[in-house]
Amino acid sequence: MKIWIFMGSTSDRDTMASAEEILQKENIPFETFIHSAHREPEKIRELIGKARDEGVIAIIAGAGLAAHLPGFIASLTDIPVLGVPLAASTIGGIDSLLSIVQMPAGVPVATFGIGKHGVKNAALFASRLYRRIENR
């Protein structure tokens with residue numbers, strides 16, 4: 001079992017690093033990927049196609065601006081996607097929040113707060129999910 005962390009750009013790395021730190025501290029296996037939903041949709045599709053076989057139980061996806069990454073991933077799998085809006089725009093991430101939280105019916109994305117607080121909460125949520133499954 002493991003958690004996957006996705007971000008759309010290397011510029012998201014500083015913010016998303018909080019998730020890695022929490023999962024490391026909790027001794028939860030994870031992998032991190034940097035792939036844009038706009039520029040590399042086929043790479044993401046390929047990775048998500050392997051997720052179940054890799055034992056992925058949740059995917060944390062951080063995205064700024066149009067924030068398509070969490071919804072795109074959720075459209076490809078039934079593995080829970082934890083979406084984190086990132087403050088990449090001049091309006092502080094409100095655009096990203098609205099994009100992620102307003103997924104159409106059938107494309108569920110659990111949405112967390114904007115930025116580092118949201119990243120930390122998503123990682124803590126994933127950690128709790130991992131422990132619940134581990135202790136069954």
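Five helices and five strands make up the secondary structure of the protein chain in this predicted model.

**Overall dimensions and packing**

- Taken along the principal axes, the C-alpha atoms of the protein chain fill a box of roughly 45 × 30 × 25 Å.
- Of the 136 residues in the protein chain, 46% are buried.
- Counting contacts in the protein chain between residues at least 6 apart in sequence, 67% join residues that are at least 24 apart.

**Aromatic pairs**

- A pair of aromatic rings is described by the distance of the centres and the angle of the planes.
- The count comes to four aromatic pairs.
- One of them is formed by phenylalanine 6 and phenylalanine 33, with 5.0 Å from centre to centre and 25 degrees between the planes. The pair counts as stacked because its angle falls under 30 degrees.
- This pair links distant parts of the chain, with phenylalanine 6 in strand β1 (residues 2-7) and phenylalanine 33 in strand β2 (residues 30-34), 27 residues apart.
- Both phenylalanine 6 and phenylalanine 33 are buried.
- Another pair is made by phenylalanine 112 and phenylalanine 125, whose ring centres are 5.7 Å apart and whose planes are at 65 degrees, so the pair is edge-to-face.
- Phenylalanine 112 is in the loop between β5 (110-111) and α5 (116-134), while phenylalanine 125 is in helix α5; the pair links distant parts of the chain, 13 residues apart.
- Phenylalanine 112 has 16% relative accessibility and therefore counts as buried, whereas phenylalanine 125, with a relative accessible area of 43%, is partly exposed.
- Trp4, Phe6 and Phe33 form one aromatic cluster.

**Serine 96**

- Serine 96 is placed in helix α4 (residues 94-101).
- With a relative accessible area of 0%, serine 96 is buried.
- Apart from neighbours within four places in sequence, serine 96 is in contact with Ala63, Gly64, Leu65, Ala67, Pro85 and Leu86.

**Leucine 129**

- Leucine 129 is found in helix α5, the helix that also holds phenylalanine 125.
- The relative accessible area of leucine 129 is 24%, so this residue is partly exposed.
- Apart from neighbours within four places in sequence, leucine 129 is in contact with Ile57, Ala58 and Pro80.
- Between leucine 129 and glutamine 102 there are 23 Å in space, C-alpha to C-alpha, and the two are 27 residues apart in sequence.

Technical notes:
Residues numbered from 1 in each chain as written. Predicted model: local features only at pLDDT ≥ 70, side-chain atom pairs only at ≥ 80, totals over all residues. Heavy atoms only, no water. Helix = DSSP H or I, 4+ residues; strand = E, 2+ residues; numbered from the N terminus. Buried < 20%, exposed > 50% of the residue type's maximum accessible area, 1.4 Å probe, protein only. Contact = heavy atoms within 4.5 Å. Phe/Tyr/Trp six-rings, centres within 6.5 Å; stacked < 30°, edge-to-face > 60°.
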